[in-house]
Amino acid sequence: MARTTADPTSDRYRRSRELQARLRRAVPGGAHTYAKGDDQYPELAPGVMARGAGCHVWDVDGNEFIEYGMGLRAVTLGHAYPPVVEAVRASLALGTNFTRPSLHELECAEAFLAAIDGAEMVKFTKDGSTANTAALKLARAFTGREEVAICAQHPFFSYDDWFFCTTTMDAGIPRFVYDQTLRFDYNDLGSLRALFAQRPGRIAAVVLEPARIDEPAPGFLQGLKELCQAEGAVLVFDETITGFRWHAQGAQKLYGVVPDLSVFGKGLANGFSLSALCGRRAIMRLGSREREQDSVFLLSTTHGAETPSLAAALATMQVYRTEPVVERLHQAGERLAAGVRQAIERHGLARQVSVIGRACNLFYGTSDADGRPSQAFRTLFLQEIIRRGVIGPSFVVSYSHSDEDIDRTVDAVDGALAVYARALADGVGQFLVGSPSRPVFERR
Ligand SMILES: Cc1ncc(COP(=O)(O)O)c(C=O)c1O
């Protein structure tokens, strides 16, 4: 059970603080992923985690929390989920990497292809960024064009330059890259049509998440597909998040639109490092060595198919096949959203605090007294739910969040909102300990 809190002046996080200082000295940004960094969290947050079980985590000082987001949404089933752990343990005893493909490579590829309708071939790698970049490379080779149109409202496709040149954190990116990435608007077919009209015969790929916060407008995804077909561009769905959350067969199944290529990641192996690039054989085959046409050097890395991640994916897909994972993600999210919305109403904060997104992938919004988005109030809200035993940078649930966990979270939110309301009246600085957290994409 999550322990509620502690006096902020206590030494609740003593060991965390020592280790955070060491991390900042050893690792740029103090974490191997910016979104986990100190500047993303309030000062009164645990700094270093020790372990997790289900949706509960413990920091290095022994404090227990209910967690949301879990491995940046990768851990869909739960931390240390027994069938996944057992499958990985069994694979470890057989060796992790060989000079020829392992049986796991075949079994995992076949299981994946059986799960995803539109996928005729698949290649695995370690993360969503690399797979999206590989999709773009394939599209460029397939079309003989160079430009890419990406959805302007979708915040992350890849850590590579073709995407990061569109953010404010663009130091180190050569100028020529900027000219090759164009942007269109979600649910606005006309904005993509206009790009095709301005750049005839130049756009190789159109890349977007099938959905993020807004649902696709009727006909939008189908319209994109038809437009790409008419213009000779490759349609790429980035299902890194939606893949095993919207539907066990991808959001493409839910919405009934199969793209040319798609990328799956986060939910595929319950937090083990595995992503997939998949799609039409005619395009994927460019990465094979059997053709007369020029081959694309496609996702060939030393660790691309190490066995434990493939074993984890096989076990994870098996759970998805036999248990109502996606249904439960939606139920848990709906319960949480309803409880939080009631708490928002109770505290009269409907203008300041909101819960948004699909039930399986909830975010919250925080605004100041004038209704303007506020990083300081976000940090205060996070500080106050952490104080009450919940780490929730988002409200993204897992299969392990029980109704009791959700109800405890709603209680924590209720307490946090009482502080929020007082901070609106008396000033956020009276209640926030330390500085507001910062956006991930920030130039300085
Ligand atoms: C939609 C989307 N695509 C791609 C990525 C990149 O995935 P990875 O961090 O595995 O490289 C992310 C990461 O957050 C993402 O949210």
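**Note on the predicted model and its ligand site**

1. Buried residues account for 53% of the 444 residues in the protein. The model is a predicted one, and the points below should be read with that in mind.

2. Overall dimensions. The C-alpha trace spans about 70 × 55 × 45 Å along its principal axes. A compact globule of 444 residues would have a radius of gyration near 22 Å, and the protein has 22 Å, so the two agree.

3. Secondary structure and contacts. The protein contains 15 helices and 13 strands. Take the contacts between residues at least 6 apart in sequence: 73% of them join residues at least 24 apart.

4. Ligand shell. The residues around the ligand are D127, G128, S129, N132, F156, F157, E209, D238, T240, I241 and K266. By class, the shell divides into three nonpolar, four polar and four charged residues. Helix α5 (residues 128-143) gives the largest share of the shell, with three residues.

5. D238 has a side-chain N or O atom 2.5 Å from a nitrogen atom of the ligand. For T240, the distance from a side-chain N or O atom to a ligand nitrogen is 3.3 Å. On its own, the ligand has 390 Å² of accessible area, and the protein covers 80% of it.

6. V207 lies in strand β7 (residues 203-208). Its relative accessibility is 3%, so V207 counts as buried. Beyond four places in sequence, V207 touches V148, A149, I150, C151, F157, F184 and V236. One of these, F157, is also among the residues around the ligand. V148 is 59 residues from V207 along the chain, yet their C-alpha atoms are separated by 7.4 Å.

7. Q40 and S437. These two residues belong to separate parts of the chain. Q40 sits in the loop between α1 (14-26) and β1 (49-53), whereas S437 is in the segment after α15 (403-426). Q40 touches S437, along with Y34, A35, L382, R438, P439 and V440, when residues up to four places away in sequence are not counted. Q40 counts as buried because its relative accessibility is 13%. S437 is buried too, with a relative accessible area of 5%.

8. More on S437. Its neighbours within four places in sequence aside, S437 is in contact with D39, Q40, Y41, Q375 and T379. With Q375 there is a polar contact, side chain to side chain, at 3.1 Å.

9. Positive phi angles. Most residues other than glycine have a negative phi. A80 has a positive phi, near 50°. A80 is in the loop between α2 (70-73) and α3 (82-92). L299 is not a glycine either, and its phi is positive at about 45°. L299 is found in the loop between α11 (281-284) and α12 (307-322). At 13% relative accessibility, L299 counts as buried. I would look at the backbone of both residues.

10. S400. Is S400 buried or partly exposed? S400 is partly exposed, because its relative accessible area is 21% and the buried class ends at under 20%. S400 lies in the loop between β13 (390-391) and α15. Leaving out neighbours within four places in sequence, S400 is in contact with G54, C55, L77, G78, Y81 and D405. F112 is 288 residues from S400 in sequence, and the C-alpha atoms of the pair are 23 Å apart in space.

Methods: Residues are numbered from 1 along each chain as its sequence is written. Side-chain values use heavy atoms; hydrogens and water are left out. A residue is near a molecule or strand if one of its heavy atoms lies within 4 Å of it. A polar contact is a pair of N or O atoms within 3.5 Å; within protein, one must be able to donate a hydrogen and the other to accept it, and residues adjacent in sequence count only if both atoms are side-chain atoms. Accessible areas come from the Shrake-Rupley method with a 1.4 Å probe; for residues, only the protein chains shown count as cover. Helices (H or I, at least four residues) and strands (E, at least two) are DSSP runs, numbered from the N terminus. Ala, Val, Leu, Ile, Met, Phe, Trp, Tyr, Cys and Pro count as nonpolar, Asp, Glu, Lys and Arg as charged, and the others, Gly among them, as polar. The radius of gyration is taken over C-alpha atoms; the globule rule is 2.2 Å times the number of residues to the power 0.38. Buried means under 20% relative accessible area, exposed over 50%, partly exposed in between (1.4 Å probe, protein chains only). Contact means heavy atoms within 4.5 Å.
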